[in-house]
Amino acid sequence: MLTRQGAKRLLEAEFQRLSDIDITFADRITVAPIVYRPTELLMAEKTVATLLSKTLEQIPKYSGKPDQDADEWMKDLTATFHMADMTESQALKIISTFLDGHPKQWFIENITIFESWNVFKTQFLHIYLSPSSKQLASNRLRTRQQRYDETVIEYYTDVIKLCRLVDTNMTDASKLDHLYHGLKPSLMKDVLRGAPSTPADFLEQARR
């Protein structure tokens, strides 16, 4: 049985043991400094700005030529504006630089009625979205076949784009029918086995 005196002796022995331990402290402790590098951040921002600027420069001007699709052109331009974090007010101020020929003249003559970006966009599509473009897209969709050197993602993207041009509310079932119609025979069996229920599922199955 441990008595009070015995417990006291154990504590004294433990204190003595601890006091005999030699602890060596380093003369200096090296602390890695946290350095703020604004130059690197500025360079990154400059790089992003340069890339966005080049992207904007690569967008073709809309001139109303038969081979230009007004709806697709507007979607591409709007997406680029969003990437550049551009407001609708800013977009409206510079839109004339992306127009050429008759469309630019039309914009200048009607600039006073464009109170907002949405007003301009609605009027632009009303004027330049030709009814024949939907018919052309429909004809192309019916005859669209995946080329032997065409990747699945390229084929899929083009077919879905045509589907949107033909009918913005087209069902997934109809889109799948069009995707199946022109798919390479070598891929058909594997895709059918996966039984995709949506276009996204179709793409996933076809890429395996």
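What volume does the second largest pocket have? In this predicted model, the second largest pocket has a volume of about 200 Å³, while the largest pocket holds about 430 Å³ of space. Both domain 1 (59-129) and domain 2 (132-207) contribute residues to the lining of the largest pocket, which therefore lies between them.

**Largest pocket**

- The lining of the largest pocket is made up of 20 residues, and those closest to the centre of this pocket are Pro66, Asp67, Gln68, Asp69 and Ser133.
- At least two lining residues come from each of the helices α3 (70-83), α7 (131-143) and α8 (152-166), and α7 gives the most to this lining, with five residues.
- Sorted by class, the lining of the largest pocket comprises nine nonpolar, five polar and six charged residues.

**Second largest pocket**

- Around the second largest pocket there are 13 lining residues, and Asp71, Leu129, Lys134, Arg164 and Leu165 are the ones that lie nearest its centre.
- The elements α3, α7 and α8 are those that give two or more residues to the lining of the second largest pocket.
- Domain 1 (59-129) and domain 2 (132-207) each provide at least three residues to the lining of the second largest pocket.

Terms used:
Residues are numbered from 1 along each chain as its sequence is written. This is a predicted model: local features need pLDDT of at least 70, side-chain atom pairs count only at pLDDT 80 or more; totals for chains, interfaces and linings use all residues. Side-chain values use heavy atoms; hydrogens and water are left out. On a 1 Å grid over the protein atoms alone, a cavity is a set of points where a 1.4 Å probe fits but cannot get out, and a pocket is an open set with protein on both sides within 12 Å along at least five of seven lines; lining residues have an atom within 4 Å of a point. Grid points are joined across faces, edges and corners, and a volume is the space filled by probe spheres set on the points. Helices (H or I, at least four residues) and strands (E, at least two) are DSSP runs, numbered from the N terminus. Ala, Val, Leu, Ile, Met, Phe, Trp, Tyr, Cys and Pro count as nonpolar, Asp, Glu, Lys and Arg as charged, and the others, Gly among them, as polar. Domain bounds come from an automatic or database domain assignment.
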